[in-house]
Amino acid sequence: MPITRGFLGKRRPERPDRLPPGQYDTGSGWPTLTAEATPKLDVEQWSMTVDGLVDSPQTWSWREIHALPESTYFGDIHCVTTWSKFDTTFTGVSVDTLLEAAGPRPEAKFVMAHSTTGYTTNLPLEDLTGGKAWVVWDFDGKPLARGHGGPVRLLVPHLYFWKSAKWVTRLELMERDRPGFWEQNGYHDRGDPWLEQRYQGDP
Amino acid sequence: MGAAPAGGWTTGTIIELDHPTDRLVRLRFHVEDRVDHLPGQHYVVRLRAPDGYTAQRSYSIASDPDDPLLELMVECLPGGEVSGFLHDDAAVGDVLELRGPIGGWFVWEGDAPSVAVAGGSGVVPIVAMTRYARRLGLQDQLKVVVVARTWDDLPYAAELQRYGAFIALTRENLAVEGGGDRVAAPPYPAEVEDLVAGAERAYVCGSVGFASYATRLLEDAGVPTDAIRVEQFGETG
């Protein structure tokens, strides 16, 4: 591909080892990108369900999910729109804890995350297990802002952030992969930032 | 709606470039093996330094799919690595890496009576929609409300006015056809009522703050939340 005449680049990353290809460090900012109107979610009405190919479908109320063992993620997040944010802290519950209660069946290979808005995103089950994914409600020790998916969102920090569904309410375990909202609209089915899996057709 | 067209990486040659205002640059590209887009889709522009360092950003398409060139209107952001380069350094004849079209959600194909509410540089994808609507005689199917601080802050201001868009300026008065001025203010619900009436879908594009304002305006006017499609950009506080 051609060198851009006259372009030298301003923002050489200070920590290039932490920045996936094509990303920049957004610093203290946290861009908000949403395809839908931000819902006002009442935690008294909200619940979290794990169903589909599981032995016993589970549903937790807001109070019940807070009674589960707390788990914190500390690290970086990456958005397909090319910003990355270092050293974030999110607190909630590990998806492992939720899955353990529901008991995924052996044929379950993929998960569709559903939001209260109807937003969906698909993930391989193995991207949600082994301490890699959370359902979170705190960011930096404060309740997660509505614009960022508050009061509760999925967090899958090793994938592009559209996989971390805002206002998450259900994880549906499936045998076969099927595309979610952005995936139907041209985005990649997995979304690994280190492989630059941004759009359908990427590696 | 079927799958929207999508294109891989290619190159585009800048055929025309101008600066409609201090902070805007309009770029018109000849794109190698261009894939036709739908109004509302976007492209990624990637800049590449001699040592291989790259920076890339997404920009909405302003041109009608029928336009032989691909038009992007880019607002220069303070310290913007890509927008700053496009604004200050890019020139006619330069070849840039482009990828597109991308995105299948924020698109309008004339398939539903719609209203678009856009703020500042958020008008760009809406301009593509209005150009498309005009070519196909579908103006009745797409009503447009645009908001900016001043006339100069509004890309395509004159074209949008000719289209019949309702324009609200918040920091300066706007001369109204037939005499008088519209006093500087955001759109009042009463001013947009007729434009929103009958819309089955709404498109909101602008900054994060603008998008939440516009969404509220539409909801207050009776548009169901799930009929609103949002494209927003920028940082939160």
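Predicted model: local features only at pLDDT ≥ 70, side-chain atom pairs only at ≥ 80, totals over all residues.
Cys79(A) is in no disulfide. The nearest cysteine sulfur to that of Cys79(A) belongs to Cys205(B), and it lies 15 Å away.

The cut-off for a disulfide is a pair of cysteine sulfur atoms within 2.5 Å. A disulfide is a covalent bond, made between the sulfur atoms of two cysteines.

## Burial of the two cysteines

Are these residues buried or exposed? Cys79(A) has 8% relative accessibility, so it counts as buried. Cys205(B) is buried too, with a relative accessible area of 2%. The cut-off for buried is under 20% relative accessible area.

## The second largest pocket

The volume of the second largest pocket is about 320 Å³. Its lining holds 19 residues. Closest to the pocket centre are Thr38(A) and Arg146(A) from chain A, with Ser212(B), Thr215(B) and Arg216(B) from chain B.

Two elements of chain B, helix H5 (208-220) and strand E13 (228-233), are those that give two or more residues to this lining. H5(B) supplies the largest share, six residues.

Which classes of residue line the second largest pocket? Nine are polar, five are nonpolar and five are charged.

Terms used:
Residues numbered from 1 in each chain as written. Chains lettered and ligands numbered in written order. Heavy atoms only, no water. Buried < 20%, exposed > 50% of the residue type's maximum accessible area, 1.4 Å probe, protein only. 1 Å grid on protein atoms, 1.4 Å probe; cavity = no way out; pocket = protein on both sides within 12 Å on 5 of 7 lines; lining within 4 Å. Points joined across faces, edges and corners; volume = space filled by probe spheres on them. Helix = DSSP H or I, 4+ residues; strand = E, 2+ residues; numbered from the N terminus. Nonpolar A, V, L, I, M, F, W, Y, C, P; charged D, E, K, R; others polar.
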